[in-house]
Amino acid sequence: MIKPDCEVITELEAILTKQGYSPVVVRNYCAYARGFVDHLAHRNISVANVTEAQVEQYLREAAALFRRRHGRFPGQRWHQIPSAGIHALLRLVQGRWPPAPDAACAADALKFAICDEYETWLHEERGLARPSIDALLWEARHFLTWQVERRGPECLIDLRISDIDRYMDLRAVKLTRSSLKSVAERLRSFLRHLNRAGHTAADLSPHIIAPLLYAYEGVPSILERGQIAAVLGPSPQRYRMRHRISDPVISCIRMSAGQALAAGSVSGSTFRTRLAWSRSWPAGPT
């Protein structure tokens, strides 16, 4: 590893630590980045000139090496940590990663230019973390691609609410309310930027209505159909348990009502109402 590359790894470690990554993640990212730099050094390739194909080839070779050492293929998500460390290194050296694709037409040039300025705004003015920027950019690219394919490169200046409604209907298919709320928030952010940068005539972000979320809304999604049926269906054991606990519960109610009557905090009619209610409860087993 040549000296400038050593300094890059040190700088990467400092940046990741400053961004709040845990020491374990920083150590793993830097270890994989250092291995990638060594791989490039043996082939006389500069980090500044790395291409996506070279990264993919390196990951394939790393997976093959893993198999030779351990006698098995790595897990399905094994590549995520090496990729994250290498991508962080390449963003530091090259300024962005993955590199911007070449524009094949005027529509592509428009989409790339808008997304580039949107990314700069998210990073420099809003100060968002990289994962948040990536999610917002994905939604922006998806929306631009959909809109440009429908109405051409000059479609943004007269963007209408009906266009936003059609896009949200498209994205709502097979999405939960929580996921659809995230889509709405990302699209609002992008529409605000489009208006701020002069690409649209009006700010349409207030017209996007996100679905309401409820407390513990994610709980039912982890329950299986059989578990729900077991809870809602009749259960003799639960019926017997209800009767078993009824006697001490009702006795406690009667005792509390009697004490309140003696203390004068409740009237006799209130006490008789509570007593009649308690007597109507099913009696426990004898």
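A few ground rules: residues are numbered from 1 along each chain as its sequence is written, and side-chain values use heavy atoms, with hydrogens and water left out. Since this is a predicted model, local features need pLDDT of at least 70 and side-chain atom pairs count only at pLDDT 80 or more, while totals for chains, interfaces and linings use all residues.

**View 1. The largest pocket, at about 1,100 Å³.** Arg91, Trp97, Glu119, Arg130 and Asp134 are the closest to its centre, out of 36 residues that line this pocket. Two or more lining residues come from each of α1 (3–18), α4 (80–94), α5 (106–125) and α6 (130–151), and α6 gives the most, with 8. Sorted by class, the lining holds 21 nonpolar, 7 polar and 8 charged residues. (A pocket is an open set of points on a 1 Å grid over the protein atoms alone, where a 1.4 Å probe fits, with protein on both sides within 12 Å along at least five of seven lines; lining residues have an atom within 4 Å of a point. Helices are DSSP runs of H or I, at least four residues, numbered from the N terminus. Ala, Val, Leu, Ile, Met, Phe, Trp, Tyr, Cys and Pro count as nonpolar, Asp, Glu, Lys and Arg as charged, and the others, Gly among them, as polar.)

**View 2. The second largest pocket, with about 150 Å³ of space.** Volume here is the space filled by probe spheres set on the grid points, which are joined across faces, edges and corners. Helix α7 (residues 161–172) supplies the largest share of the lining, 6 residues. The lining includes Ile161, Asp165, Met168, Leu204 and His207.

**View 3. Thr200, in the loop between α8 and α9.** Thr200 counts as buried because its relative accessible area is 8% (buried is under 20%, exposed over 50%, with a 1.4 Å probe and protein chains only). A polar atom of the Thr200 side chain sits 3.2 Å from the backbone oxygen of Ala202. Setting aside neighbours within four places in sequence, Thr200 touches Leu156, Ile157, Leu159, Leu194 and Asn195 (contact means heavy atoms within 4.5 Å).

**View 4. Leu212, in the loop between α8 (177–196) and α9 (225–232).** Leu212 has 62% relative accessibility, so Leu212 counts as exposed. Ser178 is 34 residues away from Leu212 in sequence, and the two are 8.4 Å apart in space, C-alpha to C-alpha.

Terms used. Polar contact = N/O pair within 3.5 Å; in protein donor to acceptor, adjacent residues only side chain to side chain.
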